[in-house]
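Please prepare a briefing on the structure below, covering its overall fold, one of its helices and one of its pockets.

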Amino acid sequence: MIPPFILTEFRAAGRCLAFGLHSASAFHALRATEKALRIYYVAFLGEPKKEDLTMGLMVSHLKDCKAATKPNEATLRMIQDITTFERNPLTHKELELGEDDAAMLFSRAQGAISIMAREVLDRTDELHPDLPLLSDGAH
């Protein structure tokens with residue numbers, strides 16, 4: 001189960017997308033992705049020393065992870081692409097997103113959150129039983 005604070009953002013993204021509020025949809029999809037990334041970060045690296053880590057810095061730290069079980073490189077590339085091609089341009093420029101771009105970001109965010117959740121579940125069994133990202137009746 002994805003935690004409520006991430007689901008709330010993702011549902012807001014879906015509602016905004018449905019009502020043609022494309023930039024707002026992107027904002028909420030990116031917030032959901034960043035919240036999931038923070039949990040993913042903790043699963044592999046523990047609590048960050050700084051609270052103000054950006055998505056880019058978190059991905060950079062995760063790439064340098066020295067743990068025996070490392071984050072999946074494909075997952076990190078996916079998050080890096082979302083950061084580079086979606087988040088950074090949207091936050092640093094006054095862009096209006098079209099319907100297709102907003103729908104693609106929504107889908108990419110959904111995929112990234114799901115993949116991070118699965119990896120966190122695998123790590124939870126090993127090291128962090130208290131992480132909230134994904135759980136089912138068996139865990």
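The protein chain of this predicted model holds five helices and zero strands, where helices (H or I, at least four residues) and strands (E, at least two) are DSSP runs numbered from the N terminus. Local features need pLDDT of at least 70 and side-chain atom pairs count only at pLDDT 80 or more, whereas totals for chains, interfaces and linings use all residues. Residues are numbered from 1 along each chain as its sequence is written, and side-chain values use heavy atoms, with hydrogens and water left out.

**Chain**
- Of the 139 residues in the protein chain, 42% are buried, meaning under 20% relative accessible area with a 1.4 Å probe and protein chains only.
- Among contacts (heavy atoms within 4.5 Å) with a separation of 6 or more, 63% join residues 24 or more positions apart.

**Helix H2**
- H2, which covers residues 22–45, reaches 34 Å from its first C-alpha to its last, close to the 34 Å expected at 1.5 Å a residue, a span taken as 1.5 Å times one less than the number of residues.
- H2 is mostly covered, with 17 of its 24 residues buried, and just after it Gly 46 takes a positive phi of about 85°.

**Second largest pocket**
- A pocket is an open set of points on a 1 Å grid over the protein atoms alone, where a 1.4 Å probe fits, with protein on both sides within 12 Å along at least five of seven lines; lining residues have an atom within 4 Å of a point.
- The second largest pocket is lined by 10 residues, and Arg 38, Ile 39, Val 42, Glu 47 and Pro 48 lie nearest its centre.
- Helix H2 gives the most to this lining, with four residues.

Conventions. Buried means under 20% relative accessible area, exposed over 50%, partly exposed in between (1.4 Å probe, protein chains only).
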